[in-house]
Amino acid sequence: MRPAFVILLAVSWATVAWTTASWAAGPADGDATWRPAASERLVRLPAGYLERAIDRDFQGSPLATALDETGRALADRNAGLGELQAAVETAAGDQRDALRQRFLEEKQAYLQLMGRRHDLERERLKTRLALYERLLARLRRGDPAKDDPTAARLAENRQAARQRFETSVAKVDMTLFADGATAESRYGAEYRRHAAAIGELVAAINAHPMNRAPEIDGRSVDKREFLRHLAEQAETELALLDQQDLVLAYMAKLVALDAMAMADEVDAREAEAVGRPETRDVSAAVGFFVTPN
Amino acid sequence: MRPAATRPIWSAAFAGLLLAASPAAAGPLENLERERAALLTTLLDPALDPDGRQERAVPALRRLVDLERIVLRDPHTAAGAGALANRAFADYDLTFLAHASVERGVSPLDLWLDRLGLSSDRLLAARIGLR
């Protein structure tokens, strides 16, 4: 049984080292990836639907499949660990040693699996964060007035012109078209008809549940602010994941220490069973030397 | 208000300036500029009698009103128009001449000349000379 402990011990320390190193690791698996694109479609989606669309895109990725599989395997191992722990407590003798060894092996496998899950989860969060940042950058590019003073001035002038026009349009209509001498143009008549239809449609769109503005702490926010909020959430989850990695590293260290303790215990017991003589006092052998041959 | 003799000069000058400035691409802003130039040319045309001028100016004014509304209502008007859009939206009275003249209760031509600083008083006070 001793060589098995030595191997287990070595693997346990390797698990500790791997778990610690995995904090800074990149993608867990070359195949388990998620490559979402910050597409025009995504940028144009209503803010309230954006998160759901990203979730749906993720669910169809190999990374989501790998995460699901790891989650299922972890649940199975969790149940197995509970059963093994109960069996160790009731067993005795060699069977107990064998069960303890298996329990240690299972704990080690559980930690490796959990480490892989953390890597996959980290990959998911980093990809999500990068996607939010790309979407925010696209939104910023779509609004040049933010950075360009000329564009900002133009937007301001357009807004002022539009407001002035809205306040004077009725007077212009009255002056130019009310006397009947000048017929309203086809554009004017058609525009009014279309504007009424557009008004109804816009009202329906605004009232549609899928188009409802997202809320943060009960306050409606625009798409940009909502994306920033989602990015903050992803960063928070990444920080918590780092903390969970630390928990995992301590667990791995405990498994290694348990393996060392068990190896020592078995070693001592075997030495006792073999009854190896102990020569503690050299004076006990004096008789062999004082008598002439 | 203005001496009739000055009209041919202004007519030729403004029409030339406006039409020369019109680019070949026909976006809403360019169409607006062209239509406004056509209206001003009609209003300043010395060859037209008052009835003939009125007959041609009314439909031109109606088209100008439509074009001004298209430019004002279209959120994409300014996109890609660059300096033309900057200039256009910087001076509402000159760009949206039809609406601004009704709003101010003056004729389009009077508003146009006024915005360019060409009042009757100033014209009468002007002297011919070399610069």
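**Figure 1. Burial and fold of chain A.** Of the 293 residues in chain A, 17% are buried; a residue is buried if 20 or more other C-beta atoms lie within 10 Å of its own, exposed if 12 or fewer, and partly exposed in between, with C-beta atoms placed from the backbone. The model is predicted, so local features need pLDDT of at least 70 and side-chain atom pairs count only at pLDDT 80 or more, while totals for chains, interfaces and linings use all residues. Residues are numbered from 1 along each chain as its sequence is written, and chains are lettered from A and ligands numbered from 1 in the order in which they are written. Chain A contains 9 helices and 2 strands, where helices (H or I, at least four residues) and strands (E, at least two) are DSSP runs numbered from the N terminus. Their order along the sequence is α-α-α-α-α-α-α-β-β-α-α. Two residues are in contact if their C-beta atoms, placed from the backbone, lie within 7 Å. Among chain A contacts between residues at least 6 apart in sequence, 83% join residues at least 24 apart.

**Figure 2. Helix 8 of chain A and residue A:Gln233.** Helix 8 of chain A has 52 residues and reaches 76 Å from its first C-alpha to its last, close to the 76 Å expected at 1.5 Å a residue; the expected span is 1.5 Å times one less than the number of residues. Its buried residues are A:Phe226, A:Leu227, A:Leu230, A:Asp245, A:Leu248, A:Ala249, A:Ala252, A:Val255, A:Ala256 and A:Ala259. A:Gln233 sits in helix 8 of chain A, residues 223-274. With 15 other C-beta atoms within 10 Å, A:Gln233 is partly exposed. The C-alpha atoms of A:Gln233 and A:Leu129 are 8.9 Å apart, although 104 residues separate the pair in sequence. After helix 8 of chain A comes A:Gly275, with a positive phi near 70°.

**Figure 3. Chain B and the side that touches chain A.** Chain B has 8 helices and 0 strands, in the pattern α-α-α-α-α-α-α-α. Of its 131 residues, 32% count as buried. Among chain B contacts between residues at least 6 apart in sequence, 55% join residues at least 24 apart. Between the chains, 15 residues of chain B are in contact with 17 residues of chain A. On the chain B side, helix 3 (50-73), helix 4 (83-90) and helix 6 (97-104) each supply at least two residues. Helix 3 of chain B gives the most, with 5 residues. By class, this side of chain B has 10 nonpolar, 2 polar and 3 charged residues; Ala, Val, Leu, Ile, Met, Phe, Trp, Tyr, Cys and Pro count as nonpolar, Asp, Glu, Lys and Arg as charged, and the others, Gly among them, as polar.

**Figure 4. The largest nonpolar core.** A nonpolar core is a set of buried Ala, Val, Leu, Ile, Met, Phe, Trp, Tyr and Cys residues joined through C-beta atoms within 7 Å. The largest has 30 residues, of which B:Leu64, B:Phe96, B:Leu97 and B:Ala98 touch the most other members. Helix 6 (149-177) of chain A and helices 2, 3, 4, 6 and 7 of chain B each supply at least two residues of this core. Helix 3 of chain B gives the most, with 7 residues. Another core, of 11 residues, lies apart from this one and includes A:Leu248, A:Ala249, A:Ala252 and A:Ala256. Not counting residues up to four places away in sequence, B:Phe96 touches A:Ala161, A:Phe165, B:Glu68 and B:Leu72.

**Figure 5. Helix 3 of chain B and its packing on helix 6 of chain B.** The 24 residues of helix 3 of chain B should span 34 Å at 1.5 Å a residue, and the end C-alpha atoms are 33 Å apart, which agrees. Buried residues of this helix include B:Ala57, B:Val65, B:Asp66 and B:Arg69. Their cover includes helix 6 and helix 7 (186-207) of chain A, together with helices 2, 6 and 7 of chain B. Helix 3 and helix 6 of chain B pack at about 105°, with their axes 8 Å apart. Axes are lines fitted to C-alpha atoms, for helices over the stretch in contact, and angles run from 0 to 180 degrees between N-to-C directions. The two helices are therefore roughly perpendicular; angles of 65 to 115 degrees count as such, under 35 as roughly parallel, over 145 as roughly antiparallel and the rest as oblique. B:Leu61, B:Leu64, B:Val65 and B:Glu68 of helix 3 meet B:Leu97, B:Ala98 and B:His99 of helix 6.

**Figure 6. Helix 2 and helix 7 of chain B.** The axes of helix 2 (residues 28-44) and helix 7 (residues 108-115) of chain B come within 10 Å and cross at roughly 105°. B:Leu39, B:Leu40 and B:Leu43 of helix 2 meet B:Pro108, B:Leu109 and B:Trp112 of helix 7. This contact has 6 nonpolar, no polar and no charged residues.
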